[in-house]
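Please read these notes with the structure open beside you. They are meant to be checked point by point.

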Amino acid sequence: MGLKEEFEEHAEKVNTLKALPSNEDLLILYGLYKQAKFGNVDTSRPGMFSMKERAKWDAWKAVEGKSSEEAMNDYITKVKQLLEDAASSA
């Protein structure tokens with residue numbers, strides 16, 4: 001299985017988690033996913049009244065410069081960690 005297929009598979013696995021990950025983990029996943037799919041952030045930072053969109057933009061900006069492959073690998077690692085945490089707490 002190639003990296004891209006494994007990445008897509010883990011993107012689906014996130015949806016199988018029984019409990020919603022923390023906001024921090026969700027933002028990490030969001031930033032890595034966007035970096036893997038689209039590369040560096042290419043929009044301006046949302047205004048201070050758009051707190052959710054601003055947090056998502058900041059999470060994406062935090063991983064700026066990572067290659068698509070690096071972001072995919074980090075995303076897969078994070079999903080595996082969340083799945084293991086869910087399994088151990090069940």
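1. The annotated span. UniProt, in an unreviewed entry, places the feature "domain: ACB" at residues 3–88. The model discussed here is predicted. In this model, the span is 70% helix and 0% strand.

2. Helix α1, one side in. Which residues of α1 are buried? They are Phe-7, His-10 and Ala-11. Around the axis they cover an arc of only 105°, which puts them on the same side of α1. The cover over these buried residues includes α2 and α4. The spacing can be read against a general rule. An α-helix has 3.6 residues a turn, so residues three or four places apart point the same way.

3. His-10. This residue sits in α1, which runs over residues 3–13. Is His-10 buried or exposed? His-10 counts as buried because its relative accessibility is 4%, and the cut-off for buried is under 20%. Beyond its neighbours within four places in sequence, His-10 contacts Tyr-75, Ile-76, Val-79 and Lys-80. Tyr-75, Ile-76 and Val-79 are themselves among the buried residues of α4.

4. Helix α2, length and burial. Helix α2 covers residues 23–38, 16 residues in total. At 1.5 Å a residue it should span 22 Å, and its end C-alpha atoms are 22 Å apart, so the two values agree. Its buried residues are Asp-25, Leu-29, Gly-31, Leu-32, Lys-34, Gln-35 and Ala-36. Note that Asp-25, Lys-34 and Gln-35 are on that list. The elements covering them include α1, α3 (51–62) and α4 (68–89).

5. Gln-35. Look closely at this one. Gln-35 belongs to helix α2. It is buried, with a relative accessible area of 2%. Which side chain does Gln-35 reach with a polar contact? The partner is Asn-40, at 2.8 Å, side chain to side chain. Leaving out residues up to four places away in sequence, Gln-35 touches Asn-40, Val-41, Trp-60, Val-63, Glu-64, Gly-65, Lys-66, Ser-68 and Ala-71.

6. The ends of α2. Asn-23 lies in α2. At 59% relative accessibility, Asn-23 counts as exposed. Its C-alpha atom is 9.8 Å from that of Ala-55, 32 residues apart along the chain. Phe-38 is also placed in α2. Is Phe-38 buried or exposed? Phe-38 is exposed, with a relative accessible area of 55%. Phe-38 and Phe-7 are 31 residues apart in sequence and 14 Å apart in space, C-alpha to C-alpha. Just after the helix, Gly-39 takes a positive phi of about 80°.

7. Leu-27. Leu-27 is another residue of helix α2. Its relative accessibility is 27%, so Leu-27 counts as partly exposed. Setting aside residues up to four places away in sequence, Leu-27 touches Ala-55, Lys-56 and Ala-59. Leu-27 and Ala-71 are 44 residues apart along the chain, and their C-alpha atoms are separated by 14 Å.

8. Helix α4, two faces. Helix α4 has 22 residues. From first C-alpha to last it reaches 32 Å, close to the 32 Å expected at 1.5 Å a residue. Which of its residues are buried? They are Ala-71, Met-72, Tyr-75, Ile-76, Lys-78, Val-79 and Leu-82. Seen down the axis of α4, these buried residues fall within an arc of 165°, so they line one face of the helix. They pack against α1 and α2. The face turned away from the buried side carries the exposed residues Thr-77, Glu-84, Ala-87 and Ser-88.

9. The aromatic rings. How many aromatic pairs are there? The count comes to four, with ring centres required to lie within 6.5 Å. Which residues form a cluster? Ring pairs link Phe-7, Tyr-33 and Tyr-75. Phe-7 is one of the buried residues of α1, and Tyr-75 is one of those of α4.

Terms used. Residues numbered from 1 in each chain as written. Heavy atoms only, no water. Helix = DSSP H or I, 4+ residues; strand = E, 2+ residues; numbered from the N terminus. Buried < 20%, exposed > 50% of the residue type's maximum accessible area, 1.4 Å probe, protein only. Contact = heavy atoms within 4.5 Å. Expected span 1.5 Å × (residues − 1). Phe/Tyr/Trp six-rings, centres within 6.5 Å; stacked < 30°, edge-to-face > 60°. Arc of directions from axis to C-beta. Polar contact = N/O pair within 3.5 Å; in protein donor to acceptor, adjacent residues only side chain to side chain. UniProt positions renumbered as here; feature names shortened; annotations may be inferred.
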